[in-house]
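Dear colleague,

Please find below the structure I am handing over to you, together with its sequence. My findings follow directly after it, and I would be grateful if you could read them with the model open.

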Amino acid sequence: MRAPSIGLTLLCAVSAAAAPTFTKDVAPIFYKNCVSCHRPGEIAPMSLIDYQSARPWAKAIREAVATRKMPPWFADPKYGHFSNDARLKEQEIETVEAWIDGGAAQGDPKDQPAPPKFVEGWRFGKPDLVVDIGQDFRVPAGKDLYKDFVVPTNFTEGKWIRAAQVLPGNRRLVHHVHVYVVSQGADDAKQNTKPPAAERAPALGGFADIEDGLTRVRDDAPVIDDACAADANLPNLSGFEEGSLATMLPGKPPDNYDVFGDGSTAKYIPAGAKLRFQIHYAKVDQSDTDRTSVGLYLVAKPPEKPLRRVDLRNRFFLIPAGARNHEVKRCYDVEQDKLLVAITPHMHYRGKDATYELVHANGRREILLVVPHYDFNWQLQYRFEKAILMEKGSRMEVTFHYDNSPNNPANPEPSKAIRWGDRSEDEMMVTWTETINISPAESASAASK
């Protein structure tokens, strides 16, 4: 009767010995996929840098990786291939699950690799140049606020930028930031510019109001849910708008303009340019100050191709009260051959899903990206593994759906019809893309590959 007991004891001992440990098996996974956010001073609620910090969260970690809630990634895997796909591999998920199911042991400290080195606050290391908003700005309590800060760069010569990171001065206050280049002269064609808040309402045909720097399309404005079918001669429902130089969005990593990793692409800031920081300060209970900055990483020589941000918006939709699956569309007729490098969809609390389809000049349809479950808390950029050729005469069709019903737990006002607005409680229909203009010869070459 004792032999089976001894065998069972030996089997358990062997199983325990074979269970993954933090130091040998799990730390490498966390270091590669998680600690850029899950470390002291970053946006995540806990650190995964060491065993002592990670162990109390073992059950929550298991659920997050098993359900693929973490790392956040929302693209439907049936469409497109993306170089920044953050999903853990199945083997990595199984290793984390086995570690926790086996008791979440620490293991031998000698097995643990050295953690990644980070420069405080900066993902790419110390920037070559840092420009801030020029003041310690006090944010009032009790309401959302959009604030524009225009500051000089004092550049005596143009600068090519390989990467940029917006660094909030106060993470509690700053919801998101766009940094635009404001320039004059012959170099304007290379730049990203945008008017300040006071100029945006007239630019919308007079159909918008501004309060505290926040724009909102009025209830009596024309309604165009499907801008692909007609634009009623309303502004910005066709073509594109110039985008920003750099952004900080929830869940989005810093901007990397060297998209192919070979120095062939970058963005440009001309001599004498100014930077416009457009900052959305979230509603907080207690007033505090902020001094947000942007770090710039330079290249030594001009790239072969400037990288350009192309923005698409529909500001004239109306989401009825209680609507569970309201559709809004926007199309972009491509005016010259270009490569599409990345897509970032943007909605607010009622955002439900997003689909991007390219109709090529020959009529062939190609689904580029589907985000079946949009999450306002993680506004991710989807960067293509291979740049997509958009030839002149092709059309990008963008389709968003919104849930304005009581079944949406994030919905602040399901009984209210919703229009475009900068406040998080209003809605947006925005696509930010990164593109590279190419010649017809380059387009023909890309099409043949």
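Ala 387 is located in strand S21. The model is a predicted one, and in it Ala 387 is in contact with Phe 260, Leu 339 and Leu 340, leaving aside its neighbours within four places in sequence. Ala 387 and Met 428 are 41 residues apart along the chain, and a distance of 27 Å separates their C-alpha atoms.

Strand S21, which comprises residues 382-390, also holds Arg 383. Arg 383 is buried and yet has no salt bridge. Its nearest side chain of opposite charge belongs to Glu 434, at 5.5 Å. The side chain of Arg 383 does make a polar contact of 3.3 Å with that of Gln 381. Not counting residues up to four places away in sequence, Arg 383 touches His 81, Phe 82, Ser 83, Asn 84, Asn 256, Val 259, Val 341 and Ala 342.

Elsewhere, salt bridges do occur, and the count for the structure comes to 29. In one of them Arg 313 pairs with Glu 241, with the closest N and O atoms 3.6 Å apart. This pair links distant parts of the chain, as Arg 313 lies in strand S16 (residues 308-313) and Glu 241 in strand S8, 72 residues apart. Are these two partners buried or exposed? Arg 313 has a relative accessible area of 5% and is therefore buried; Glu 241, at 14% relative accessibility, also counts as buried. Salt bridges that share partners also form a network, which joins Arg 216, Asp 219, Arg 423, Glu 425 and Asp 426.

A further salt bridge brings together the side chains of Arg 309 and Asp 311, at 2.8 Å from N to O. Both of these residues are buried. Glu 157 and Lys 159 form another salt bridge, in which the closest N and O atoms are 3.8 Å apart.

A search of the whole structure gives 18 aromatic pairs. One of them is formed by Phe 30 and Trp 99: the ring centres are 6.5 Å apart and the planes stand at 85°, so the pair is edge-to-face. Phe 30 belongs to helix H2 (residues 22-33) and Trp 99 to helix H5 (residues 90-101), so this pair ties together parts that are 69 residues apart in sequence. Phe 30 and Trp 99 are both buried. Ring pairs also link Phe 22, Phe 30, Tyr 51 and Trp 99 into a cluster.

An α-helix has 3.6 residues a turn, so residues three or four places apart point the same way. The N-terminal end of H2 is capped by Thr 21, which places a side-chain oxygen 3.3 Å from the backbone nitrogen of Lys 24.

Two lysines are found over aromatic rings. Lys 147 lies over the face of Phe 149, at 5.9 Å from the ring centre. Lys 338 has its charged end over the ring of Phe 240, 5.2 Å from the centre of that ring.

The peptide bond from Met 70 to Pro 71 is cis, with omega near -15°. Pro 71 is found in the loop between helix H4 (58-66) and H5.

Where does Asn 233 lie? Asn 233 is in the loop between strand S7 (214-217) and strand S8 (241-242). Although not a glycine, Asn 233 has a positive phi of about 60°. With a relative accessible area of 77%, Asn 233 is exposed. Asn 236 lies in the loop between S7 and S8, and its phi is near 70°, a positive value in a residue other than glycine. At 28% relative accessibility, Asn 236 counts as partly exposed.

With kind regards

Conventions. Residues numbered from 1 in each chain as written. Predicted model: local features only at pLDDT ≥ 70, side-chain atom pairs only at ≥ 80, totals over all residues. Heavy atoms only, no water. Helix = DSSP H or I, 4+ residues; strand = E, 2+ residues; numbered from the N terminus. Buried < 20%, exposed > 50% of the residue type's maximum accessible area, 1.4 Å probe, protein only. Lys, Arg positive; Asp, Glu negative; His and termini not counted. Salt bridge = Lys/Arg side-chain N within 4 Å of Asp/Glu carboxyl O. Polar contact = N/O pair within 3.5 Å; in protein donor to acceptor, adjacent residues only side chain to side chain. Contact = heavy atoms within 4.5 Å. Phe/Tyr/Trp six-rings, centres within 6.5 Å; stacked < 30°, edge-to-face > 60°. Lys NZ or Arg CZ within 6 Å of the ring centre and 35° of its normal.
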